[in-house]
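Please read them with the structure open.

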Amino acid sequence: MAFVWILLGFVFLVIGGEFLVRSSVALSLKLNIPKLIIGMTVVAFTASVPDILVSLRAVLDGSSDIALGNIIGSNIANVGLILGLTAFIFPMVIDKSFNGFIWSITMLFTVALYFLLKSGHVLDRREGVALVLSLIVFIVLAIHRSKNKVDAPIVQLDQSLQAVTGFKIAIWLIIGAVTLYFGSGWLVFGAQQIAVSLGFSERVIAVTVVAIGTSVPILATSLMAAFKKEHSLSVGNLIGANIFNVGAVLGITAMIHPIDVKNTQILNNDMLWMIGFAFVVLFLAFLPKKLVIGKFKAIFLLVLYFAFIVSVLYAP
């Protein structure tokens, strides 16, 4: 039955995330907010809402390892699994200037999270506020740096959303909120049940099953773009999502309720893998072919992700 709850949770998170993003973008377009700002703020934040709800529900239920494992596992999956699968279908081009900036900020957030968790084994409210404020600074800097980069959109927007009525937007928002609420609850409940029944820790389930589940929307979008040979999706979008996972998801969750580190393997294994994957992106960027992630690099990322999963299973 636990697998049914997880499956229902996944489905509701995907549906809710889609409705929330589309309604938020439609509302922003109606208010004449520039597309760049929509991409950097509205879309990025609303796409993180499923993770925020899953992490918050987990913390409030006393399962902080699920909250941390979800984000750490999602960040690793964004690079190893999603970037790997997408680049295997078509080469991913790295923009030297803009994505270099995003990579640097990603490393800062990743390393900062490691030391915040290591000191006291808790992410408290003050540290949550610091993460959220740092995210706001990043958004402001990113928007300022990319004002003149019209040829590098942050996200591809559906122009038909401009014609959506206010009533329809309201309905979409309600559907998105309700499905995300129930989906997050069912996913956390199912993950807890599986952890108990199979003898795995909540951390193991979180960094594997839950993390991939909450990454389903971006995985589906990336693969669809790959099959359609849509090159507007960039490496910067994927590693930039990792910044929002730390700054928005963990930051907001910690502001509401402190997040404890109960399983030390989160620091001794998972966080080290997360830092390693962040470094790998820079390393691969400057190997031949320079600033391109093609099939061979994609296979390397997928093998590395498989190695991470093995390390999690053997270090429960």
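1. The whole structure holds nine aromatic pairs; rings of Phe, Tyr and Trp (its six-membered ring) are paired if their centres lie within 6.5 Å, and planes under 30 degrees apart count as stacked, over 60 as edge-to-face and the rest as tilted. Trp 5 and Trp 186 have ring centres 5.7 Å apart and planes at 45°, so this pair is tilted. The pair links distant parts of the chain, with Trp 5 in helix α1 and Trp 186 in helix α6, 181 residues apart. Helices (H or I, at least four residues) and strands (E, at least two) are DSSP runs, numbered from the N terminus.

2. This is a predicted model: local features need pLDDT of at least 70, side-chain atom pairs count only at pLDDT 80 or more, and totals for chains, interfaces and linings use all residues. Residues are numbered from 1 along each chain as its sequence is written, and side-chain values use heavy atoms, with hydrogens and water left out.

3. Trp 5 is partly exposed at a relative accessible area of 24%, and Trp 186 is partly exposed at 22%. Buried means under 20% relative accessible area, exposed over 50%, and partly exposed in between (1.4 Å probe, protein chains only).

4. Lys 295 lies over the face of Phe 88, at 5.5 Å from the ring centre. The criterion is NZ of Lys or CZ of Arg within 6 Å of the ring centre and within 35 degrees of the ring normal.

5. A search of the whole structure gives one salt bridge, defined as a side-chain nitrogen of Lys or Arg within 4 Å of a carboxyl oxygen of Asp or Glu. Its partners are Asp 270 and Arg 203, at 2.6 Å from N to O. Asp 270 belongs to helix α10 (residues 265–285) and Arg 203 to helix α7 (residues 202–214), so the pair ties together parts 67 residues apart in sequence. Both Asp 270 and Arg 203 are buried.

6. A nonpolar patch on the surface is formed by Leu 7, Val 11, Ile 15, Phe 167, Ile 171, Ile 174, Ile 175, Val 178, Tyr 181 and Phe 182, with about 910 Å² of accessible area together. Two or more residues come from each of α1 (2–30) and α6 (166–198), and α6 gives the largest share, seven residues. Ile 15, in helix α1, is partly exposed at 35% relative accessibility. Patches take residues with over 30% relative accessible area and no salt bridge, joining like charges within 9 Å and nonpolar side chains (Val, Leu, Ile, Met, Phe, Trp, Tyr) within 5 Å.

7. Ser 64 is in helix α3 (residues 64–89) and is buried, at a relative accessible area of 4%. Neighbours within four places in sequence aside, Ser 64 is in contact (heavy atoms within 4.5 Å) with Ala 58, Val 59, Ile 259, Asp 260 and Lys 262.

8. For the chain as a whole, there are eleven helices and four strands, and buried residues make up 53% of the 316 residues. Among contacts between residues at least 6 apart in sequence, 86% join residues at least 24 apart.

Key: Areas by Shrake-Rupley, 256 points an atom, 1.4 Å probe, with all protein chains shown as cover.
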